[in-house]
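Work through the exercises below with the sequence and the model in view. Try each task before you read its solution.

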Amino acid sequence: VVQPTLSILSRATTEASRFPIHRIYCVGRNYLEHAIEMGGNPTRDPPCFFQKPADAATDTSTTDNKRCIIPYPPMTNNLHHEIELVVAIGTPGRNISKQDAKQHIFGYAIGCDLTRRDLQAKAKELRRPWDDAKGFDYSAPCSSIVPCEELKDFVGDAASVNIKLEVNGELRQESSIAKMIWDVPEIVSCLSKYYTLKAGDLILTGTPAGVGPLEVGDVVKASCDELPDCIFEVGPMEL
């Protein structure tokens with residue numbers, strides 16, 4: 001069994017290095033406008049956590065100048081994009097305080113929480129888990145991870161950190177991460193009360209408004225300031 005990994009992009013070394021993935025946690029409805037567009041009440045709803053399997057992570061960085069291809073998933077007619085800032089945990093911990101959260105973060109990436117929206121809607125209707133809607137193959141394409149020390153302060157300077165997603169060059173989603181309902185330290189602290197966070201954990205921190213459908217042939221570009229872009233093309237369904 002091969003452990004899933006993401007590449008690490010660091011100015012400190014020219015050697016290729018990888019970030020082994022332990023678990024992938026996701027935060028639902030963490031931006032006001034997206035919570036409203038999905039029918040939630042952000043003034044009342046606590047953080048909603050769910051998981052994807054570790055091998056759902058797909059490294060979109062390439063060394064051969066070829067575009068990463070994400071196959072259109074089966075059992076859906078409504079695949080949606082959701083851009084998300086990705087937090088990579090480097091130091092384990094449990095019951096982490098908000099003040100200490102930064103000490104546990106190795107770095108950041110930008111990624112996309114791909115969602116089978118029709119299956120999610122059905123799961124909500126039947127009050128069932130979202131696993132089929134969120135945890136399918138290739139459902140978490142991500143850029144390379146950049147260590148914290150090589151970035152500006154994503155926590156203290158959140159208002160200047162912007163994420164955006166384009167499909168075929170058309171802007172679909174854009175926001176400052178300062179618009180998160182639960183900021184990064186709060187997410188790390190809250191999540192660590194439910195689970196022991198371990199080195200190798202990824203946390204997808206939620207998506208802003210503007211989620212929408214993808215079709216075969218679409219080229220998706222997710223970007224965030226100093227982070228490398230997450231670029232992929234939606235390919236045909238695997239047979």
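## Exercise 1: A pair of rings

Phe-19 is buried, with a relative accessible area of 6%, where buried means under 20%, exposed over 50% and partly exposed in between, for a 1.4 Å probe and protein chains only. The model is a predicted one, in which local features need pLDDT of at least 70 and side-chain atom pairs count only at pLDDT 80 or more, while totals for chains, interfaces and linings use all residues. Residues are numbered from 1 along each chain as its sequence is written, and side-chain values use heavy atoms, with hydrogens and water left out.

**Task.** Describe the aromatic pair that Phe-19 and Phe-106 form.

**Solution.** Step one is to recall that a pair of aromatic rings is described by the distance of the centres and the angle of the planes. Rings of Phe, Tyr and Trp (its six-membered ring) pair if their centres lie within 6.5 Å, and planes under 30 degrees apart count as stacked, over 60 as edge-to-face and the rest as tilted. The structure holds 5 aromatic pairs. One of them joins Phe-19 and Phe-106, with 5.6 Å centre to centre and 25 degrees between the planes, and is stacked. Helices (H or I, at least four residues) and strands (E, at least two) are DSSP runs, numbered from the N terminus. Step three is accessibility, where Phe-106 counts as partly exposed at 26%.

## Exercise 2: A second pair

**Task.** Determine how the rings of Tyr-25 and Tyr-195 are arranged.

**Solution.** The centres of Tyr-25 and Tyr-195 are 5.0 Å apart and the planes make 45 degrees, so this aromatic pair is tilted. Tyr-25 lies in strand β3 (residues 24–28), whereas Tyr-195 lies in the loop between α4 (184–194) and β15 (202–204), so the pair ties together parts that are 170 residues apart in sequence. Tyr-25 is buried at 1% relative accessible area, while Tyr-195, at 28%, is partly exposed.

## Exercise 3: A threonine in a loop

**Task.** Is Thr-76 buried or exposed, and with which side chain does its own side chain make a polar contact?

**Solution.** Thr-76, which lies in the loop between β6 (68–71) and β7 (79–81), is buried, with a relative accessible area of 7%. Its side chain makes a polar contact of 2.6 Å with the side chain of Asp-118; such a contact is a pair of N or O atoms within 3.5 Å, and within protein one must be able to donate a hydrogen and the other to accept it, while residues adjacent in sequence count only if both atoms are side-chain atoms.
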